[in-house]
Amino acid sequence: MVMKVLRQNRWVALLIGALFVSLSLISLLGMQAKTTSGEEGQQEMPKFVVAAQAPEQIPDLFKTEASTSQNREPVSNLSSIVFQEWNKTGGKNGAFTNDQGIGLADPQKLYSQQTVKAAEEKKKKAKSQTADGKPAKQKGKHVVKSQAKSLTPPTTLYFTRTNTLTQDQKDKATWTYDLSAEELLLLQKIVMAEAEGEPYEGKVAVANVVLNRLRSANFPDTITDVIYQKHQFSPVANGRLKRVQPNEETIKSVNAALHGQKEVKDDTYFFLSLKLAQDLTVHHSRTFVKKIGNHSFYK
């Protein structure tokens, strides 16, 4: 009886052991299958960054030293990202984007923009300089000053009955006037005496008035007689005309007027300072033309 019980328990123990081993094998096989499927899933995942062959022409901006070596393909550190297939399609405004909307600058466009910008800067710089490399003069009244500095006073003046002409208009002249060095200095001195504190345009205008009187039949026929005509120019009466020495700006303004620059019209024959003038007959009897600085001009 005892032997029978032991024999039965032995078979039970064997069955339990076999069952345990089977369960262990099943569990082990399940873990292995899980691991294998995980590796396969990992291998099937897309590689978003894969080194691709760079374009044949890469802007110098992105080339490395390795790209210039012989027998080597041009490869840039950025080419593995910038030139991927998913990154070559132009997105908004021509930007390179991937399928997730991540944008990168288009290297070709960036290079061309920088090239154009550099060219524009160079062009602007060339425009702002003269042939000798010095800054160019700005347009406007300052250019007139610069040109007047380089002008030499003419020896002959040209007129019509109603206009003072430039040297280029001499073919239209109906009469001429030979300008001596003495009269040139006298003209410079009367402008200096009358308009020393006035702006450049005001000095030109005073010279215009003297030349307008020279041309007009209602005034004397020489510059000397025009300036020394009685009761016309106060510096002649008070002696200031003899004391002044023309400065550089005065010389420029007279040269400009002699070459035809006009700050007042050809029918302007009078001027005065309302602050300083003691006799205001001109102001009340003549037609006002314009005011430059402290001088009012009349015809």
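Trainee: Which residue in β7 stands opposite isoleucine 292?
Mentor: Histidine 295 is the one facing isoleucine 292. Keep in mind that this is a predicted model. Another such couple is lysine 291, which has serine 296 of β7 opposite.

Trainee: How do you know that β6 and β7 pair?
Mentor: Count the bridges: a pair needs at least two, and β6 with strand β7 (residues 295–298) has 4 in the antiparallel sense.

Trainee: What makes β5 and β6 edge strands?
Mentor: Look at the order first: the open sheet has 3 strands, arranged β5-β7-β6, and the pairing is antiparallel. β5 (270–273) and β6 (288–292) each have a single partner strand, so one side of each has no neighbour in the sheet. From one strand to the next, the twist averages 25°. As for what holds such strands together in general, strands of a sheet pair through backbone hydrogen bonds.

Trainee: Which helix lies across those strands?
Mentor: That's α6 (residues 200–215), which lies across β5, β6 and β7 and runs at about 30° to β7.

Trainee: Why is asparagine 294 called partly exposed?
Mentor: Its relative accessible area is 36%. Buried would be under 20% and exposed over 50%, so with 36% asparagine 294 falls in between and is partly exposed. You'll find asparagine 294 in the loop between β6 and β7.

Trainee: Which residues does asparagine 294 touch, not counting those up to four places away in sequence?
Mentor: Asparagine 294 touches Glu198, Leu272, Ser273, Leu274 and Lys275.

Trainee: What is aspartate 221 in contact with, leaving aside neighbours within four places in sequence?
Mentor: Tyr177 and Leu214. Tyrosine 177 is 44 residues from aspartate 221 in sequence, and C-alpha to C-alpha they are 9.4 Å apart.

Trainee: What makes α10 mostly covered?
Mentor: Helix α10 (residues 248–258) has 8 buried residues out of 11. Being buried takes a relative accessible area under 20%. The residues of α10 that pass include Lys252, Val254, Asn255 and Leu258. After α10 comes glycine 260, with a positive phi near 105°.

Trainee: How much of the chain counts as buried?
Mentor: 30% of its 299 residues. The chain has 11 helices and 7 strands.

Trainee: Why is the space beside Gly260 called a cavity?
Mentor: A cavity is space where a 1.4 Å probe fits but cannot get out. The search of the whole structure turns up 1 cavity of 30 Å³ or more. The largest cavity holds about 40 Å³, so it clears that 30 Å³ cut-off. Its lining includes Thr164, Asn208, Ala257, Gly260 and Asp266. The most lining residues come from α6, which gives 3. By class, the lining has 2 nonpolar, 5 polar and 2 charged residues.

Trainee: What about the largest pocket, how much space lies in it?
Mentor: About 970 Å³. A pocket is an open set of points. The largest pocket has 31 lining residues, and Glu194, Gln232, Phe233, Ser234 and Phe271 lie nearest its centre. Elements giving two or more residues to that lining are α5 (181–195), α8 (234–238), β5 and α11 (281–285). The largest share, 5 residues, comes from α8.

Trainee: And how does the lining of the largest pocket split by class?
Mentor: It has 13 nonpolar, 11 polar and 7 charged residues.

Definitions and conventions: Residues numbered from 1 in each chain as written. Predicted model: local features only at pLDDT ≥ 70, side-chain atom pairs only at ≥ 80, totals over all residues. Heavy atoms only, no water. Axes fitted to C-alpha atoms, helices over the stretch in contact; angles between N-to-C directions. Contact = heavy atoms within 4.5 Å. 1 Å grid on protein atoms, 1.4 Å probe; cavity = no way out; pocket = protein on both sides within 12 Å on 5 of 7 lines; lining within 4 Å. Nonpolar A, V, L, I, M, F, W, Y, C, P; charged D, E, K, R; others polar. Buried < 20%, exposed > 50% of the residue type's maximum accessible area, 1.4 Å probe, protein only.
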